[in-house]
Amino acid sequence: MFKLIIVPESLKLLFRLCCRNTFALIFILLLSDSSAFAAPDGKTLFQSNCASCHNPLKAATGPALQNIDKSFPSKEWGYKWIHNSQALVAAGDKDAVAIFEKYNKIAMTAFPQLSNEEIDAILTYVDEFKAPVEAKTEVSGTGKEEDYTSLYVYITLALLVIVLILWKVNQSLTRAANEKEGIQNIKQIPLRRHKAIIAVSAILIFIMAGYWFVNGAVNEGRQQNYQPLQPIYYSHQVHAGINQVNCLYCHAGAEKSRQAMIPSTNVCMNCHKQINAYTDNEKHPLITAEGVKIDGTKEIQKLYQYAGWDPEKKKYILNDKGEIATKRLEWVKIHNLPDHVYFNHSQHVKVGKVQCQRCHGPVQEMDEVYQFAPLSMGWCINCHRQTEVQFKNNNYYTIFEKYHNEIKAGKRSGVKVAEIGGLECQKCHY
Amino acid sequence: MSQKQYWQSLEELNYTEADKQLAENEFKEELPFDLSDNILGATTPRRDFLKFLGFSTLAATVVAGCEIPVRKAIPYAIKPEDIVPGVPNYYASTFIDGNDYCPIIIKTRDGRPIKVEGNENSHITFGGTSARVQASVLNLYDKARNRFPSQDGKEATFKDIDTNILAGLAGKVGYLVTSSIYSPTTLDLIEQFCRKNTNIKHVVYDAISYSGMLQANEACYGKKALPTYHFDKAKTIVSIGADFLGTWVSPVEFAKAYAKGRRVSAKDLRLSRHYQIESTLTTTGASADERATCRPSEVAMVVMALYHAVVNGVATALPSEKLKKLVSKAAKDLSNDGLVVCGSNDVYVQIVVNAINDKIGANRNTINWNVTCNTHKGIDKDMVELVKEVQDGKVGVLMFHGVNPVYTYFDGKKLGDALAKVPVTVSFADRMDETAQKCKFVIPDNNYLESWGDAEPKNGFFSLMQPGIAPLFKTRAFQDSLLIWAGESIKYADYWTKYWLNKFGGNQERFDLALQKGIIEPENGFTPAGYVDFKGDVLTALDKLKAMQPEKGTEIVVYQKIGIGNGGAWSNNPWLLEMPDPITRATWDNYLCVSPARGKELNAELTGFTEVNTKRPIVSVTTKNGHTEKMPVLVVPGMHNDVVAVAVGFGRDAKVGRAAASDATKGGKNAYPFIKLSETNFDYSNIVTIQKTTETYDLAITQTHNSYEHRPIVHEYSLKEFSGDTKILLKQRGVDIAEFASLPFVEKGKEGKEEKEERIIGENTEEKYRENGTLYDKYENEGLKWGMSIDLNTCTGCGACVVGCMAENNISVVGKEHVSLAHEMHWIRIDRYFSGNPEDADSIQTLFQPMLCQHCDNAPCENVCPVSATNHSSEGLNQMAYNRCIGTKYCANNCPYKVRHFNWMDFNGADCFEGNLFEDGRRDDINDDLTRMVLNPDVTVRSRGVMEKCSFCVQRLQEAKLDAKKEGTPLADGKAKTACQMACPSDAILFGNVNDKTSKIYNLRKKEQMERTFYVLEHIHTLPNINYLAKIRNTDEIAAHDEVKDIFYTDHI
């Protein structure tokens, strides 16, 4: 059945070496991926919890966060403030009141679910955060930190060439010396037919192609940063950010149903019967991602057409059946989960008390909404590993006696979603 | 290891070659693999494999390069206030189909009905349902439904049709033919209509007639109605040919009540005793304690003998010894809260049955004449006379509602031909059935899920019907037509509201509450049965009975299948067509049932044509008046030797629907023409001659698709055995598992004394066995742990759970061809086991065992999955992740219960391209946009190449948990119910959290029914989360004998 292939001893050795290295390489690749699960990831936590109001360097809704921990009276005070700033203010804490006054009495959202460890991770992340350096500065080289990478590459390449030349020279000299001394030379094999080189490059190509292929396959169907053009230029920033409309006012299903629900046009009309023009063009001009300027008032007119509203007469237009003459409003769906995934908004929003921004990002700062999170399974799982359930506030969880006892005994501070079966297949796939 | 001998098929009993092969083969069909050495010359050589591999990799790469489609999300323009997308709404309503009645709850998702459950408020059905009720939601989305009104086969407007009909109404005598109507408003409207059009009379015609009983009751009690039977109060039940758990009168109601008397336990050993005398094997006969067979023409003799045995203590002559024994025994028992029911349609037989019931005092207790039943009203004589008049050309107008006499009338062909003589013919049929095709006008009625309505199934017991969806097509309520033709301008919906609002004295709040509850019934249910005077003339009746001589030769019995019923729209319901018949386990067809001995004569014996082989011989069946039909033969143990049986509801016209259409390969034959008219009543048996032919026909039978290789699966005891030693099962189980409950190295007590005690299951044996019977560590289940219990004593095999599961879990219909290849997808099946001597019909005992994924805690399937697509949850569920499954089928092979099903095809068309629809009618065409509306949006639609199995309705468990979390309360017992549990009319299935010590399931297992609890194949340490309760028969003898015939041990070890 199989042909017996005789492999030269040296090749075998080389192969074995390569194999070992391949495994090592794969191992490293795996490690570099999984290391994200080990400790609380400050970046992820920052982006999902804080980024909607804070920037590390610039003042946004809230102050810039870099080195803000240094301004805290104490570390403990910092934890308290982040867990529930309003409680501190209400308790009459001097520093807290001062900050509250300073920022026009805008309350900071409470984050009771963040553990001290996680807060530390966030603070470390913002402290170490560096402004992304733009490409231009790199070319002009005016920055203090010069990039020597290319230089190293050139030096390495030059050294390699020298090594190659020296090796060749050495080889020729040896051959010449051998000829002189009458020792028979080993037949020269051209480089491209050298078995060791073929083997090494084949394995390298295989690994690289495999890595590229697997990564490509894994990302297949994912749409992070997807930002399609919508039938109406509806700015979430204008509504949820500037005008502070609660998310749940329009997406009323989020607390009741698996779908958060796109509001029906009659919900829009609750406000837009009165508001028929966009007047904030000075302060907040509407511009698409492509740079096209948008006339907000015209967009409201579009809504009237879909809703069947006559803005002149301030009345709904009726068709011959006596029904309101509405038109189908086909929004482009941005957040798409595969059909075999069951996701329930109410479980997360109502039961888990997860902020909308945790998954959808700073929607209140988006004129045009884009997909903030990758919505991949790894991303879901990661959150289930890190997030604690509302264990103490919900009587449903009384059935987990063991955990309650452990909490009482001080053995644990809380219970993660994963610990009550949050990683099991049939929690999301059925 | 010794065990009682049960057999699924005659092949298994005789251990034939075919059966051996079945046990050995991994797959039922030939696989396209060549296992010879000549690999390159094989059907699929290695090079081909590499080509396929290369192609699929390339194809995957190309497809991966495609753009992701842009998906649209379209919100409501004006959102209805009571609909939250993604949250189901429930509406109480009523299922009505001719004589069948069931109060229901409609589950709608985003405005479309997707599931029907029983209404637990009802004192009649207590939330029970039948397979047909469960399947009715699929009829709503039937593609064969009439989509518009038509005149002479062409689409017409309601306005034109009304004008034309109104013009033709006056003049000659006319008839409105309906099935039994028990809706108070509809009856009112019919009366109004007939008052306005005085030449039109209302005639009630039921496809399956009970006029013998109605007439007998009129003669005996002065009431032309059926009484209410209280099977729960009966301690002795004698049924003579009445399949009251399957098809007779009101099976859901009876199954619920009957089950109450069957729930025996070690603490309460009371068990009703059920005698069954019948010609064929019915589900009721299968549940019976004592059973004997007779010819249909001998029923009169049996009834007479029973009367004499009850009155005089001595039974008159009877055809067989067993019957004699049974009748005299039954007669003695009957004085103890007895109840006699009889399926005969003969007036005199029923008068004598009434007399027996009167003598044994049933009218005081088990038969309630205070609350009579309105669901059956048809008198055969009326219909026979009507057909005669039509044939004579005397009729000017004929309207058909809810009936299809051209198909169901025994002389339907003649009626169909005569319809041409009637100037105005109207059908309200939902599809172009056999009668509608011959009618001038077809005005399709709404489906019941689109209708307003009401029902009064029993006097004083009302139930309301409200729509779950607006009419899908251009259809109109039958009542609206009546109103228009009676010259009224009001719509039926308004008329109905007014009528019921009036009943509540105009109190809107009370009316709304009643509508929400769905039923309006006396608060305490049934008033006790008061004694009614028996005024029947028994002596004349007995004389008539004496004159009825048993026939000679072969008799055919025309029966209803539990799924298809009398036909109607059910004939085109793929869920019901694929639901295996409880007794024959056959799908998609009707056939001639014969006894094993008769089968041998007809070449249908074991060798050659087997249950493993799908080919059956065809025989030609001819009645005395020359009606001939060719039908395949199916051997059914327990059939009387001189009786053959055939089911109605098959042999339909192509226009009834593609699934129903009868052709050369499927669909069966119409059995109604075998019915004969004896005097004025239909007789559902007839004399036939049977001739062999050389042809064969494929039947798709599911029972032998899985082999347990003779391992012990069921436990059954007689009441005597069980009451003599209630620990009998615990001891039996002790033999199997107790020795593994303690570690081998643990010190034994004094001189093995402890070991002896260990031989019986004690309180902790199960726990110890769980821990010590394996090398794995013990897994602690925190929080929830789901468990199910199935009572073999109350399971009647009706199949409601099977269809309920299909509706809930989007289970594919695979079609007849694939069923014969063992590709059926049912997550729950009801295994049927026989015991006894197949040559002696009276000795056959039948047992049903619902079999579904046992959610083993030490699951053999989980260990062998190479990709861990199936694994265990912390709640004790055996999970199946479809998108992880790569289709190796190792799990199915390693499952000892054979409950895993592989998607060999893309049965649902889940990822089909546009326009790429199945058009063969063999499946449910679920990839059609209309039919797809029935799918449950919370359950993934599986595609080709993945394994699937029962999930314990995990979507319902998750929903129940989420509801509890939102309320912030612990999950209450009974909040999470599986679909099969809710569908079951006899409450045989119980489900709950076994970690909760207050739950019903925990108490059932550990306290109430500990003595009857067993786990299937417990000794292989799979640790199932489903337990069964052993069957206890109230009989002297269990037909299954202890036998050392364990092929598992002899062949494999």
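Student: Why does B:Val371 count as buried in this predicted model?

Tutor: A residue is called buried if 20 or more other C-beta atoms lie within 10 Å of its own. B:Val371 has 21 C-beta neighbours inside 10 Å, so B:Val371 counts as buried.

Student: Where is B:Val371 placed, and which residues does B:Val371 touch?

Tutor: B:Val371 belongs to strand E15 (residues 367-373) of chain B. Leaving aside residues up to four places away in sequence, B:Val371 touches B:Thr228, B:Lys458, B:Asn459, B:Gly460, B:Phe526 and B:Thr527.

Student: What makes strand E33 of chain B and E40(B) a pair?

Tutor: Two strands pair if at least two bridges are found between them. Strand E33 (residues 786-791) of chain B and E40(B) share five bridges in the antiparallel sense, and therefore they meet the criterion. Within this pairing, B:Trp786 is opposite B:Asn993 in E40(B).

Student: How do you know that E5(A) pairs with strand E2 of chain B?

Tutor: The requirement is at least two bridges, and two bridges join E5(A) to strand E2 (residues 72-73) of chain B, with the strands antiparallel. A:Val332 is opposite B:Lys72 in E2(B).

Student: How many residues of chain A and of chain B are in contact?

Tutor: In chain A, 46 residues are in contact with 42 residues of chain B. H14(A) provides the largest share of the side of chain A that touches chain B, namely four residues. By class, that side of chain A has 16 nonpolar, 20 polar and 10 charged residues.

Notes: Residues are numbered from 1 along each chain as its sequence is written. Chains are lettered from A and ligands numbered from 1 in the order in which they are written. This is a predicted model: local features need pLDDT of at least 70, side-chain atom pairs count only at pLDDT 80 or more; totals for chains, interfaces and linings use all residues. A residue is buried if 20 or more other C-beta atoms lie within 10 Å of its own, exposed if 12 or fewer, and partly exposed in between; C-beta atoms are placed from the backbone. Two residues are in contact if their C-beta atoms, placed from the backbone, lie within 7 Å. Ala, Val, Leu, Ile, Met, Phe, Trp, Tyr, Cys and Pro count as nonpolar, Asp, Glu, Lys and Arg as charged, and the others, Gly among them, as polar.
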